[in-house]
2 protein chains.
Amino acid sequence: LLKNIQLTFCKKGDPMTTHQQLFITMTLSAWEGYVKRTTALFDGLSDEQLAHDIAPGRNSGIYLLGHLTAVHDAIPVFLGTGARAYSHLDAAFVSNPDKAGFAIPSVGDLRKYWKEVNARISQQVAKIPADEWFNRHTAVPEADFAKEPHRNKLNIIINRTGHISYHLGQLMLLANKNG
Amino acid sequence: LLKNIQLTFCKKGDPMTTHQQLFITMTLSAWEGYVKRTTALFDGLSDEQLAHDIAPGRNSGIYLLGHLTAVHDAIPVFLGTGARAYSHLDAAFVSNPDKAGFAIPSVGDLRKYWKEVNARISQQVAKIPADEWFNRHTAVPEADFAKEPHRNKLNIIINRTGHISYHLGQLMLLANKNG
């Protein structure tokens with residue numbers, strides 16, 4: 001990502017475009033970095049480790065895998081780039097707490113969904129023109145956006161970066177190393 | 001913060017300034033939001049709760065309070081706005097793991113340092129001109145910055161926002177509610 005954007009930075013002279021592009025790069029790099037770290041952690045945890053709770057009586061690794069997958073699955077809707085693929089995960093992983101008795105997919109399937117949804121987001125965000133990032137996201141009414149210009153599509157990525165890093169800190173507790 | 005920036009957004013016509021200001025608002029709002037949530041959590045935890053480990057054999061709440069305080073204390077150095085006040089915390093809370101036997105301040109003092117350092121950062125960032133946020137942070141050599149323009153002061157805030165949300169997710173495990 002950074003490499004692509006640097007080309008734009010060096011070739012174009014328009015300062016507004018440059019700053020926009022740079023800010024988009026910074027935001028997307030932070031996002032992709034956390035997705036990468038979290039995916040590496042999931043890949044390094046066995047199904048048995050993922051079944052453990054992050055702390056006694058708290059969410060399991062499987063719940064957080066399903067939760068992050070479902071939350072990321074909704075990102076394209078906010079960006080206006082596509083529909084949801086896994087909304088059936090919401091009951092078990094978003095609207096209700098862990099251990100509430102909902103049927104859930106196998107861990108193997110959840111691992112696949114996680115990679116698929118993030119790959120899809122990566123492909124879609126790469127095609128969003130710079131200007132478009134600063135338009136309102138689909139859940140903000142136009143009248144509100146006029147007064148709150150920060151509620152744009154890029155802000156969705158900023159918010160979801162905070163969300164994934166919050167849960168990454170918890171998921172690290174399932175690994176053998178401290179962090 | 002948002003209110004101040006909106007005035008700028010509405011009054012000034014220059015699109016570059018407007019966009020720069022908007023990026024800064026988005027970044028600082030996310031940052032301030034996490035600092036506020038984390039401070040509210042610390043305030044709501046008793047000294048006894050803070051002394052607990054976030055999970056068996058992991059970092060204690062006191063360690064994470066000291067760790068976040070020390071890391072935030074270094075932010076003004078990167079921004080070029082001031083010197084460190086609590087570098088003596090680094091041995092116990094940054095360079096070494098929890099329970100390594102280093103002397104630490106009282107929890108009451110750590111709570112004070114936490115509020116003081118974040119208040120200081122808030123005051124300092126409010127005075128940084130828009131252009132200055134896109135200049136290199138003090139740990140990046142000029143030659144590197146020419147090739148990597150994302151390594152600017154605003155990126156320090158983006159990175160530290162990821163850091164605090166990561167540890168907030170862990171600190172939430174000390175509270176009675178799930179999350």
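In this predicted model, the side chain of Gln49(B) reaches the backbone nitrogen of Ser46(B) at 3.0 Å. Gln49(B) belongs to helix α3 of chain B, which covers residues 47-51. Beyond its sequence neighbours up to four places away, Gln49(B) touches Gly44(B), Leu174(B) and Asn176(B). The relative accessible area of Gln49(B) is 19%, and because buried means under 20%, Gln49(B) counts as buried.

Chain A holds 9 helices and 0 strands, and its elements, read from the N terminus on, run α-α-α-α-α-α-α-α-α. Of the 179 residues in chain A, 53% are buried. Where contacts in chain A join residues at least 6 apart in sequence, 68% of them link residues at least 24 apart.

How is chain A placed relative to chain B? The same surface serves both copies, since 100% of the contact residues of chain A recur in chain B.

The interface itself can be described by its contacts and by its area. In terms of contacts, 42 residues of chain A meet 43 residues of chain B. In terms of area, about 3,600 Å² is buried between chain A and chain B, and carbon and sulfur atoms give 65% of this. Which three residues supply more than any other three of the area that chain A buries against chain B? They are Met26(A), Arg58(A) and Tyr166(A), with 20% of that area.

Polar interactions across the interface were counted as well. Between chain A and chain B there are 10 residue pairs in polar contact, with both residues at pLDDT 80 or more, whereas the count of salt bridges between these chains is 0. On the side of chain A that touches chain B, the elements giving two or more residues are α1 (2-11), α2 (15-44) and α9 (153-171) of chain A. Sorted by class, this side of chain A comprises 21 nonpolar, 16 polar and 5 charged residues.

Lys99(A) has a positive phi of about 65° although it is not a glycine. Lys99(A) sits in the loop between α6 (90-93) and α7 (107-126) of chain A. With a relative accessible area of 53%, Lys99(A) is exposed, as exposed means over 50%.

In chain B, Lys99(B) likewise shows a positive phi, near 65°, in a residue other than glycine. The loop between α6 (90-93) and α7 (107-126) of chain B is the place of Lys99(B). Is Lys99(B) buried or exposed? Lys99(B) is exposed, with a relative accessible area of 54%.

Note on methods: Residues are numbered from 1 along each chain as its sequence is written. Chains are lettered from A and ligands numbered from 1 in the order in which they are written. This is a predicted model: local features need pLDDT of at least 70, side-chain atom pairs count only at pLDDT 80 or more; totals for chains, interfaces and linings use all residues. Side-chain values use heavy atoms; hydrogens and water are left out. Contact means heavy atoms within 4.5 Å. Buried area is the accessible area (1.4 Å probe) that two parts lose on being put together, summed over both. A salt bridge is a side-chain nitrogen of Lys or Arg within 4 Å of a carboxyl oxygen of Asp or Glu. A polar contact is a pair of N or O atoms within 3.5 Å; within protein, one must be able to donate a hydrogen and the other to accept it, and residues adjacent in sequence count only if both atoms are side-chain atoms. Helices (H or I, at least four residues) and strands (E, at least two) are DSSP runs, numbered from the N terminus. Ala, Val, Leu, Ile, Met, Phe, Trp, Tyr, Cys and Pro count as nonpolar, Asp, Glu, Lys and Arg as charged, and the others, Gly among them, as polar. Buried means under 20% relative accessible area, exposed over 50%, partly exposed in between (1.4 Å probe, protein chains only).
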